[in-house]
Amino acid sequence: MSTPVPRSRRLRVPAPGTAAAPRPPVDWAKAGRRSVRRRATGMTATEAAVALEEAELQRHLDRDREDLADDERGAAEIREWQRIAQLLATTGGVYDPKADAVVQDELAADAEAQRVQQMQDEQRRQEQEAEAARRAAILAPDVLRHALLGTLARTGLLDSLSEDERAAVGRLPESDPAAALAFNALLARAYEAVTGARAGAAS
(Lines give C-alpha, C1' and ligand atoms only; values in the text may rest on other atoms or scores of the structure.)
Protein backbone atom coordinates (compact mmCIF):
# COMPACT_ATOMS: atom_id res chain seq x y z
CA MET A 1 0.00 0.00 0.00
CA SER A 2 1.38 3.38 -0.90
CA THR A 3 2.34 5.93 1.68
CA PRO A 4 0.27 9.14 1.41
CA VAL A 5 2.41 12.11 0.49
CA PRO A 6 1.38 15.32 2.22
CA ARG A 7 1.15 18.36 0.03
CA SER A 8 4.28 20.45 0.37
CA ARG A 9 3.94 23.85 1.95
CA ARG A 10 5.47 26.11 -0.62
CA LEU A 11 7.27 29.00 1.00
CA ARG A 12 6.71 32.38 -0.53
CA VAL A 13 9.12 35.29 -0.73
CA PRO A 14 8.47 37.71 2.15
CA ALA A 15 6.88 41.01 1.27
CA PRO A 16 9.26 43.96 0.78
CA GLY A 17 10.38 45.50 4.03
CA THR A 18 9.70 42.45 6.18
CA ALA A 19 13.22 41.00 6.05
CA ALA A 20 15.52 42.09 8.85
CA ALA A 21 18.55 42.17 6.55
CA PRO A 22 19.31 41.61 2.86
CA ARG A 23 19.60 37.93 2.03
CA PRO A 24 20.66 36.09 -1.11
CA PRO A 25 17.72 35.07 -3.32
CA VAL A 26 16.11 31.73 -2.45
CA ASP A 27 16.60 28.93 -4.97
CA TRP A 28 13.02 27.66 -4.94
CA ALA A 29 13.74 24.88 -7.43
CA LYS A 30 16.49 23.48 -5.21
CA ALA A 31 14.24 23.79 -2.15
CA GLY A 32 11.56 21.79 -3.98
CA ARG A 33 13.98 19.04 -5.00
CA ARG A 34 15.31 18.69 -1.47
CA SER A 35 11.79 18.54 -0.04
CA VAL A 36 10.90 15.73 -2.45
CA ARG A 37 14.05 13.79 -1.58
CA ARG A 38 13.29 13.97 2.13
CA ARG A 39 9.74 12.71 1.60
CA ALA A 40 10.84 10.06 -0.90
CA THR A 41 13.44 8.54 1.41
CA GLY A 42 12.49 4.93 2.08
CA MET A 43 9.83 4.79 -0.66
CA THR A 44 9.53 1.94 -3.15
CA ALA A 45 9.02 2.45 -6.87
CA THR A 46 5.26 1.98 -6.44
CA GLU A 47 5.05 4.53 -3.64
CA ALA A 48 7.11 7.04 -5.61
CA ALA A 49 4.82 6.58 -8.63
CA VAL A 50 1.77 7.28 -6.45
CA ALA A 51 3.47 10.33 -4.97
CA LEU A 52 4.18 11.57 -8.50
CA GLU A 53 0.52 11.16 -9.47
CA GLU A 54 -0.61 13.10 -6.39
CA ALA A 55 1.89 15.87 -7.06
CA GLU A 56 0.76 16.15 -10.68
CA LEU A 57 -2.89 16.24 -9.56
CA GLN A 58 -2.14 19.00 -7.07
CA ARG A 59 -0.28 20.90 -9.75
CA HIS A 60 -3.31 20.58 -12.02
CA LEU A 61 -5.66 21.83 -9.28
CA ASP A 62 -3.38 24.84 -8.69
CA ARG A 63 -3.12 25.78 -12.37
CA ASP A 64 -5.56 28.74 -12.05
CA ARG A 65 -4.00 30.22 -8.91
CA GLU A 66 -2.35 33.53 -9.79
CA ASP A 67 0.05 33.36 -6.84
CA LEU A 68 1.46 30.10 -8.24
CA ALA A 69 1.72 31.25 -11.86
CA ASP A 70 5.52 31.44 -11.63
CA ASP A 71 5.93 28.68 -9.07
CA GLU A 72 9.41 27.31 -9.74
CA ARG A 73 9.26 25.05 -6.71
CA GLY A 74 6.12 23.22 -7.79
CA ALA A 75 7.52 22.48 -11.25
CA ALA A 76 10.82 21.34 -9.75
CA GLU A 77 9.01 18.99 -7.37
CA ILE A 78 7.17 17.34 -10.26
CA ARG A 79 10.42 16.84 -12.18
CA GLU A 80 12.13 15.39 -9.11
CA TRP A 81 9.30 12.95 -8.41
CA GLN A 82 9.52 11.88 -12.06
CA ARG A 83 13.26 11.33 -11.80
CA ILE A 84 13.05 9.39 -8.55
CA ALA A 85 10.17 7.25 -9.77
CA GLN A 86 12.13 6.40 -12.92
CA LEU A 87 15.26 5.69 -10.87
CA LEU A 88 13.46 3.28 -8.56
CA ALA A 89 11.69 1.61 -11.49
CA THR A 90 15.14 0.89 -12.92
CA THR A 91 17.11 -0.01 -9.79
CA GLY A 92 14.42 -1.38 -7.49
CA GLY A 93 14.70 -1.24 -3.70
CA VAL A 94 13.86 1.88 -1.73
CA TYR A 95 15.00 5.42 -2.30
CA ASP A 96 18.13 6.57 -0.45
CA PRO A 97 19.52 10.06 -1.23
CA LYS A 98 22.97 8.88 -0.14
CA ALA A 99 22.97 6.33 -2.98
CA ASP A 100 21.58 8.83 -5.53
CA ALA A 101 24.41 9.97 -7.82
CA VAL A 102 22.49 13.09 -8.86
CA VAL A 103 22.06 14.15 -5.24
CA GLN A 104 25.69 13.50 -4.37
CA ASP A 105 26.89 15.48 -7.42
CA GLU A 106 24.67 18.38 -6.39
CA LEU A 107 25.98 18.28 -2.82
CA ALA A 108 29.57 18.23 -4.10
CA ALA A 109 28.84 21.23 -6.34
CA ASP A 110 27.26 23.11 -3.42
CA ALA A 111 30.28 22.37 -1.23
CA GLU A 112 32.65 23.62 -3.92
CA ALA A 113 30.60 26.78 -4.44
CA GLN A 114 30.65 27.40 -0.69
CA ARG A 115 34.42 26.88 -0.60
CA VAL A 116 34.93 29.37 -3.43
CA GLN A 117 32.63 31.88 -1.74
CA GLN A 118 34.54 31.54 1.54
CA MET A 119 37.83 32.10 -0.29
CA GLN A 120 36.42 35.21 -1.96
CA ASP A 121 35.08 36.49 1.36
CA GLU A 122 38.46 35.92 3.00
CA GLN A 123 40.29 37.66 0.17
CA ARG A 124 37.90 40.60 0.40
CA ARG A 125 38.44 40.78 4.16
CA GLN A 126 42.21 40.76 3.74
CA GLU A 127 42.03 43.48 1.10
CA GLN A 128 39.88 45.61 3.37
CA GLU A 129 42.30 45.12 6.26
CA ALA A 130 45.25 45.98 4.03
CA GLU A 131 43.50 49.12 2.81
CA ALA A 132 42.68 50.12 6.38
CA ALA A 133 46.31 49.57 7.38
CA ARG A 134 47.49 51.59 4.39
CA ARG A 135 45.20 54.48 5.26
CA ALA A 136 46.24 54.31 8.88
CA ALA A 137 49.89 54.48 7.83
CA ILE A 138 49.19 57.45 5.57
CA LEU A 139 47.37 59.21 8.39
CA ALA A 140 50.07 58.48 10.96
CA PRO A 141 51.18 61.86 12.46
CA ASP A 142 54.88 61.36 11.71
CA VAL A 143 54.16 60.39 8.10
CA LEU A 144 51.81 63.34 7.59
CA ARG A 145 54.21 65.77 9.28
CA HIS A 146 57.04 64.62 7.03
CA ALA A 147 54.79 64.94 3.96
CA LEU A 148 53.68 68.45 4.92
CA LEU A 149 57.22 69.64 5.54
CA GLY A 150 58.32 68.10 2.26
CA THR A 151 55.55 69.85 0.31
CA LEU A 152 56.27 73.16 2.04
CA ALA A 153 59.96 72.79 1.20
CA ARG A 154 59.17 72.00 -2.43
CA THR A 155 56.96 75.08 -2.73
CA GLY A 156 59.61 77.27 -1.14
CA LEU A 157 57.35 78.23 1.76
CA LEU A 158 59.08 76.29 4.51
CA ASP A 159 61.85 78.82 5.17
CA SER A 160 59.37 81.69 5.32
CA LEU A 161 57.17 80.15 8.01
CA SER A 162 57.03 81.83 11.38
CA GLU A 163 57.55 79.83 14.59
CA ASP A 164 53.81 79.84 15.24
CA GLU A 165 53.14 78.58 11.71
CA ARG A 166 55.71 75.82 12.07
CA ALA A 167 54.15 74.84 15.38
CA ALA A 168 50.69 74.72 13.75
CA VAL A 169 52.03 72.54 10.95
CA GLY A 170 53.53 70.23 13.57
CA ARG A 171 50.29 69.98 15.57
CA LEU A 172 47.87 69.51 12.68
CA PRO A 173 48.77 65.84 11.86
CA GLU A 174 48.01 64.83 15.45
CA SER A 175 44.95 67.00 16.02
CA ASP A 176 43.25 66.33 12.66
CA PRO A 177 45.03 63.79 10.40
CA ALA A 178 42.34 64.00 7.70
CA ALA A 179 42.60 67.78 7.55
CA ALA A 180 46.41 67.53 7.37
CA LEU A 181 46.17 65.08 4.49
CA ALA A 182 43.68 67.32 2.64
CA PHE A 183 45.76 70.45 3.27
CA ASN A 184 48.89 68.74 1.95
CA ALA A 185 47.07 67.63 -1.22
CA LEU A 186 45.61 71.11 -1.81
CA LEU A 187 48.99 72.76 -1.24
CA ALA A 188 50.64 70.42 -3.75
CA ARG A 189 47.89 71.02 -6.32
CA ALA A 190 48.10 74.78 -5.91
CA TYR A 191 51.86 74.71 -6.37
CA GLU A 192 51.58 72.53 -9.47
CA ALA A 193 48.90 74.87 -10.90
CA VAL A 194 51.10 77.93 -10.36
CA THR A 195 54.25 76.36 -11.80
CA GLY A 196 52.26 74.99 -14.73
CA ALA A 197 50.82 78.42 -15.46
CA ARG A 198 54.27 79.98 -15.32
CA ALA A 199 55.67 77.36 -17.66
CA GLY A 200 52.83 78.00 -20.10
CA ALA A 201 53.38 81.77 -20.02
CA ALA A 202 57.12 81.37 -20.58
CA SER A 203 56.60 79.23 -23.65
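What share of the 203 residues of the protein counts as buried? The answer is 25%. The model shown here is predicted.

View 1. The protein has seven helices and zero strands. From the N terminus on, its elements read α-α-α-α-α-α-α. Residues 24 or more positions apart supply 75% of the contacts that have a separation of 6 or more.

**View 2. The surface of the protein.**

**View 3. Helix H2 packs against helix H3.** H2 covers residues 45-61, and H3 covers residues 72-91. Their axes lie 9 Å apart, at an angle of about 160 degrees. H2 is therefore roughly antiparallel to H3, since angles over 145 degrees count as such. The crossing of H2 past H3 is left-handed.

**View 4. Residues at the H2–H3 contact.** H2 contributes Ala45, Ala48, Ala49, Ala51, Leu52, Ala55, Glu56 and Arg59. From H3 come Gly74, Ala75, Ile78, Trp81, Gln82, Ile84, Ala85, Leu88 and Ala89. How many of the residues of this contact are nonpolar, polar and charged? The contact of H2 with H3 divides into 13 nonpolar residues, two polar and two charged. Glu56 and Arg59 of H2 are among the contact residues, and Glu and Arg count as charged. Gly74 and Gln82 sit on the H3 side.

Definitions and conventions:
Residues are numbered from 1 along each chain as its sequence is written. This is a predicted model: local features need pLDDT of at least 70, side-chain atom pairs count only at pLDDT 80 or more; totals for chains, interfaces and linings use all residues. Side-chain values use heavy atoms; hydrogens and water are left out. Axes are lines fitted to C-alpha atoms, for helices over the stretch in contact, and angles run from 0 to 180 degrees between N-to-C directions. Helices (H or I, at least four residues) and strands (E, at least two) are DSSP runs, numbered from the N terminus. Angles under 35 degrees count as roughly parallel, over 145 as roughly antiparallel, 65 to 115 as roughly perpendicular and the rest as oblique. A crossing is left-handed if the near helix is turned anticlockwise from the far one by less than a right angle, and right-handed if clockwise. Contact means heavy atoms within 4.5 Å. Buried means under 20% relative accessible area, exposed over 50%, partly exposed in between (1.4 Å probe, protein chains only).
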